Amino acid sequence: VFPIFATAQKKPISIATDIGMQRSFKKEQQYWAVGHTIQLQYHVSPKDAPYLWLSYYSNGKFVNHLTATAKLPITVPQQINYDNNAKMHFKQFSIGWKRYLKGSYDAVEKWNMYGYGGFGLVLGWVNNSHDKNIDTSLYVVPVRAGKANFKRLTVDLGLGAEFPVGADIYFYTEGRVWLPTTDYPSKFIFVNKDAPLLGMFNLGIRVLF
């Protein structure tokens, strides 16, 4: 009785860590960045586990070709074309559910396939530098120069495969996407609607405890 009870009560925990490439897909905001994720998983059954992760990424760089327009008809010139050189990076907290579609969290012989679904909080940072000095008292600019923080709520989805390598260690590769659910418009971001739209490809190791 006692061994059976102990086995039934066992709730293994996994810690995973990975590195990955991040792609911003949104037009006027496209770039590549590299990052790291650390993740905690609590296995409530052979196929199910709630998860909690923290991800952070390097600066992505992109350029917006913009036009500042005069506030008054007597201002000369009426328009100024300029480039906004932007740097942007993200940190994200996500909580959700992992489900094994093939195999289980403790499989030792065959490869596993799994999916993710969850909700995230993205903390963003942007730094804009204009290639021309523009007097904002005379002109309306589409995006401001300078640094700013912003945030977004996201729906997080993922699909991955993992392979046992022995001693309760698993190598995994997975794709993720963060889908924005809020805009919170910022005057320091040229594209706010449905942005950022981010995809990641990650390689990592999961250790079962």
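**An exposed residue and its patch**

Guide: I95 is exposed, at a relative accessible area of 54%; exposed means over 50%, buried under 20% and partly exposed in between, with a 1.4 Å probe and protein chains only. This is a predicted model in which local features need pLDDT of at least 70 and side-chain atom pairs count only at pLDDT 80 or more, while totals for chains, interfaces and linings use all residues. Residues are numbered from 1 along each chain as its sequence is written, and side-chain values use heavy atoms, leaving out hydrogens and water.

Visitor: Where is I95 placed?

Guide: I95 is in strand β5, strands being DSSP runs (E, at least two residues) numbered from the N terminus.

Visitor: Which residues make the nonpolar surface patch?

Guide: I13, I15, I38, L40, Y42, V44, L52, I95, W97 and F209 make a patch of about 920 Å². Patch members have over 30% relative accessible area and no salt bridge, and nonpolar side chains (Val, Leu, Ile, Met, Phe, Trp, Tyr) are joined within 5 Å; a salt bridge is a side-chain nitrogen of Lys or Arg within 4 Å of a carboxyl oxygen of Asp or Glu.

Visitor: And which strand gives the most to it?

Guide: That is β2, with three residues.

Visitor: Changing topic: which residues touch the most other members in the largest nonpolar core?

Guide: Of its 25 residues, these are Y31, M88, F90, V126, F150, W178 and L198. Such a core is a set of buried Ala, Val, Leu, Ile, Met, Phe, Trp, Tyr and Cys residues joined through side-chain atoms within 4.5 Å. A second, separate core of nine residues includes L66, Y82, Y139 and V143.

Visitor: Is S104 buried or exposed?

Guide: S104 counts as buried because its relative accessible area is 15%. It lies in the loop between β5 and β6, and it touches P46, N112 and E162 (heavy atoms within 4.5 Å), not counting residues up to four places away in sequence.

Visitor: What about the backbone: which peptide bond near P77 is cis?

Guide: The bond from V76 to P77 is cis, with omega near 0°, and P77 is in the loop between β4 and β5. Another cis bond joins A195 and P196. Most peptide bonds are trans.

Visitor: How confident is the predictor?

Guide: The mean pLDDT, the predictor's confidence in each residue from 0 to 100, is 93, and 95% of residues reach 70 or more. Over residues 1–9 the pLDDT is below 50.

How values were computed:
Patch = residues over 30% accessible without salt bridge, like charges linked within 9 Å, V, L, I, M, F, W, Y side chains within 5 Å. Areas by Shrake-Rupley, 256 points an atom, 1.4 Å probe, with all protein chains shown as cover. Helix = DSSP H or I, 4+ residues; strand = E, 2+ residues; numbered from the N terminus.
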